[in-house]
Amino acid sequence: MTVYQATASAPVNIAVIKYWGKRDTKLILPTNSSLSVTLDQDHLRSTTTSRADPSFDHDRLWLNGKEEEIKGDGRTATCIAELKRLRKEVEDADSNAPKLSTFPVHIASYNNFPTAAGLASSASGFAALVSSLAQLYELPASPSTLSLISRQGSGSACRSLYGGYVAWNVGTDPSGVDSNAVEVAPREHWPDMHALICVVSDDKKGTSSTSGMQRTVETSALLQHRIKHVVPQRMADISKAIQERDFDSFAQITMADSNQFHAVALDTAPPIFYLNDVSRSIIQVVVEYNRLSLANGGGYKAAYTYDAGPNAVIYAPEKNMKEIIQLILNYFPQKDAFKDTFALFKNDKAE
Ligand code: 2P0
């Protein structure tokens with residue numbers, strides 16, 4: 001008997017131009033473009049195995065060994081339905097192709113990074129789910145086409161279909177067909193770029209991204225300014241900085257965009273706070289570290305960015321990382337400051 005099974009994995013990504021707001025909540029179409037750096041290495045990935053079998057009763061999903069309900073109108077169901085539809089096209093074109101689109105699927109996904117790493121897993125999780133089903137169904141689909149499907153699982157997931165530097169186009173078509181992810185540069189283009197994750201807290205965040213960003217869309221005037229007058233130029237400028245491996249520009253834009261995202265969260269009614277006192281202290285340390293370098297005629301040495309939580313991601317050229325780690329540990333020597341985890345992840349595969 002033939003076993004129809006495939007396994008795929010996908011990496012975590014951290015945005016430097018932030019996605020925050022949907023213009024279509026069902027299709028997950030964003031209010032602005034975004035751009036991320038993939039933390040593409042073995043120990044920060046979701047790995048998903050999918051199996052199709054006519055003896056299965058219905059579609060089922062396990063996350064880290066625990067079964068999760070697939071809700072009929074939910075995001076996982078949408079992704080599975082889209083991939084089955086594409087499989088049906090393969091079957092219609094080739095009468096010898098097994099009718100996998102009619103078989104229920106069982107899907108098991110694992111994150112190899114601990115919850116204590118304080119990283120969201122929806123991006124790598126949905127990207128891995130979509131990749132594994134695409135492989136199972138032998139779909140002739142590019143990563144960019146698959147990004148349109150993983151986007152409907154979780155917006156940021158569309159950027160995890162690629163390694164390296166990835167843009168998610170805002171798009172204009174109401175169908176979402178042009179709101180896809182594209183590679184800006186592969187990881188190998190800028191192997192000197194490293195990332196340090198400072199785990200400030202691994203508590204679950206108070207306001208989920210999905211509900212938080214819609215509240216921002218409904219109430220924040222600053223978001224409208226950001227969408228129209230800030231993000232388009234930043235997308236162009238940071239893409240150029242990446243192409244030219246210009247860390248000074250990359251750092252300035254990255255920190256400015258993190259700051260504006262958190263300003264927009266604060267501009268929401270009621271306000272949303274993701275940073276805490278430790279997060280803000282890390283910002284001050286990085287600002288002072290850069291200030292001293294600039295005062296001595298040097299360039300920017302590090303760039304912080306924060307997502308919808310208090311944990312810092314610090315991007316820096318490799319040569320600065322040792323100094324940055326020492327600096328951070330000097331300022332936050334107690335276990336309490338970083339709770340119990342201080343994690344270093346670097347782009348070691350790029351070397
Ligand atoms: C990002 N974040 O660009 C931004 C920056 C958080 C802050 O994408 O509702 O989990 O599933 O589309 O993708 C978090 O939002 O939200 C996020 P949904 P998602 O990475």
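Visitor: What makes you say that the ligand lies between domain 1 (4-189) and domain 2 (193-350)?

Guide: Both domains give residues to the shell around the ligand, so it lies between them; the domain bounds come from an automatic or database assignment. Bear in mind that this is a predicted model, where local features need pLDDT of at least 70, side-chain atom pairs count only at pLDDT 80 or more, and totals for chains, interfaces and linings use all residues. Residues are numbered from 1 along each chain as its sequence is written.

Visitor: How many residues surround the ligand, and which are the closest?

Guide: There are 15, the closest being Ala15, Tyr19, Ser154, Gly155 and Ser156 (C-beta, placed from the backbone, within 6 Å of the ligand). The shell divides into 6 nonpolar, 7 polar and 2 charged residues (Ala, Val, Leu, Ile, Met, Phe, Trp, Tyr, Cys and Pro are nonpolar, Asp, Glu, Lys and Arg charged, the others, Gly among them, polar).

Visitor: Which residues of helix 4 (residues 209-219) are called buried?

Guide: Ser209, Met213 and Thr216 (20 or more other C-beta atoms within 10 Å of their own; 12 or fewer is exposed, in between partly exposed). Seen down the axis of helix 4, these buried residues fall within an arc of 55°, so they line one face. On the other side, Ser211 and Glu218 are exposed.

Visitor: What covers the buried residues of helix 4?

Guide: The cover includes strand 2 (22-24), helix 5 (221-243) and helix 6 (247-266), contact being C-beta atoms, placed from the backbone, within 7 Å. Helices (H or I, at least four residues) and strands (E, at least two) are DSSP runs, numbered from the N terminus.

Definitions and conventions:
Arc of directions from axis to C-beta. Contact = placed C-beta atoms within 7 Å.
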